[in-house]
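Q: I'm new to this structure. Could you take me on a close look at a single part of it?

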Amino acid sequence: MEPEEHLVSLKVMRLTKPTLTSSLPVTCDSKDLPGNLLNETLQKDPTTVLGTETLSIGQFLLLPQNPVNIYLGETFSSYICVYSETQQIVSNVGVKIDLQTTSQRVALAVNPPTPSLHPDETVNVVIHHEVKEIGTHILVCEVTYQTPSCVPMAFRKFFKIQVLKPLDVKTKFYNAENDDVYLEAQVQNITSGPICLEKVALDASNLFNVTSLNVTPSGKSVFGKTTLLQPQATCQFLYCLTPDPKLSSDLKSLSGATNIGKLDIVWRSNLGEKGRLQTSQLQRMGPDYGDIRLSVVELPNFVILEKPFTFKCKLANNSERTIDLVLFLEDREGMTWCGISGKQLEPLAPRTSQELEFKAIPLLPGLRLVSGVKLLDTFLKRTYPYEELGQVFVIVNDADVVTKSM
């Protein structure tokens with residue numbers, strides 16, 4: 001039976017909030033030919049706000065004139081109405097609403113049967129659903145009823161909904177020497193209107209402790225009270241992830257810890273409509289530490305010219321065998337070592353570490369690189385050079401400055 005022969009009809013309407021209407025400001029300087037004519041006309045425009053006529057800020061609400069886009073993470077709301085088109089009384093009117101996505105079918109509403117539907121009466125259903133997939137969605141509306149002669153009838157209607165991507169999120173990772181991981185997240189607004197970012201947080205995995213670098217020490221956001229993004233605008237967020245102490249003690253596990261966490265983003269659009277988006281699990285490239293790793297534990301920021309300074313390093317064995325190492329120290333420009341080069345170190349058992357102390361003398365002022373350390377594996381005859389252990393700033397002693405100035 002064709003739908004037009006049914007005794008009841010179905011109407012589906014999308015529920016959206018209105019927008020603020022804004023006038024198109026046309027103005028000029030009072031010295032120009034039109035004088036104050038354009039300004040006076042603009043001030044009389046009922047849609048403008050007094051005192052801000054030229055800012056294109058409206059005070060009236062405008063109902064949607066065209067189909068409004070639905071974005072991933074927003075809540076889709078719709079009003080479904082079943083009404084009688086006959087003077088007869090139909091009975092047991094039931095409404096079932098499903099949403100078919102590319103991967104699943106979601107039941108949105110199953111309205112219990114209405115015992116009787118008189119002429120000019122309606123059966124109303126309002127649905128709300130948070131959209132969690134992009135692409136084409138099909139709203140399936142099924143209506144069942146019985147005619148006055150108790151004949152069961154049913155029909156279905158399909159409505160296509162296109163869900164768009166609201167944000168473009170790009171991430172960059174940096175693995176620091178102290179095992180910390182820095183995450184830079186670029187969030188771009190690709191909707192057709194401005195949005196206000198309410199929350200951008202990193203839900204880190206249980207292997208890392210996260211610190212947001214987007215707030216000041218007092219707890220205030222570096223972006224101000226509100227983070228407003230115009231269409232196509234981008235905002236950058238930075239996070240520091242510190243590995244769990246148990247993870248840091250095992251270099252193999254630390255290198256394999258590639259799961260960082262998920263970004264949780266909440267925004268507001270139009271008249272406060274809320275949207276939420278959670279990224280998939282963010283993955284980083286795990287650092288390759290090799291069999292031997294030498295990292296700085298303590299290093300002064302400032303040292304005095306021609307005065308010895310000491311610093312400490314951590315030597316870790318990441319292999320499955322005991323390693324015998326020989327330490328070599330080679331002088332570099334502006335820096336000389338105090339110590340024995342070619343020294344045999346104590347055997348380093350698998351998955352263990354030991355602390356080494358170094359002493360050096362800076363010979364030139366300025367920013368100097370601490371380098372020239374080599375380790376030789378006596379079994380494999382493999383050399384591990386370390387040319388960028390750290391940096392120190394060499395300053396001249398205050399007493400020397402006074403002497404030279406006199």
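A: **A close look at Ser-192**

Let's start with what Ser-192 touches: leaving aside neighbours within four places in sequence, Ser-192 is in contact with Asn-69, Tyr-71 and Pro-231, where contact means heavy atoms within 4.5 Å. This is a predicted model, in which local features need pLDDT of at least 70, side-chain atom pairs count only at pLDDT 80 or more, and totals for chains, interfaces and linings use all residues. Residues are numbered from 1 along each chain as its sequence is written, and side-chain values use heavy atoms, with hydrogens and water left out.

Ser-192 sits in the loop between β12 (181-189) and β13 (195-204); strands here are DSSP runs (E, at least two residues), numbered from the N terminus. Ser-192 counts as exposed because its relative accessibility is 62% (buried is under 20% relative accessible area, exposed over 50%, partly exposed in between, with a 1.4 Å probe and protein chains only). Asn-69 lies 123 residues from Ser-192 along the chain, yet their C-alpha atoms are separated by 8.6 Å.

Now step back into strand β12, where you will find Gln-186. The side chain of Gln-186 makes a polar contact with the side chain of Glu-184 at 3.1 Å (a pair of N or O atoms within 3.5 Å; within protein, one must be able to donate a hydrogen and the other to accept it, and residues adjacent in sequence count only if both atoms are side-chain atoms). Not counting residues up to four places away in sequence, Gln-186 also touches several others, including Asp-168, Lys-170 and Thr-234.

How values were computed: Helix = DSSP H or I, 4+ residues; strand = E, 2+ residues; numbered from the N terminus.
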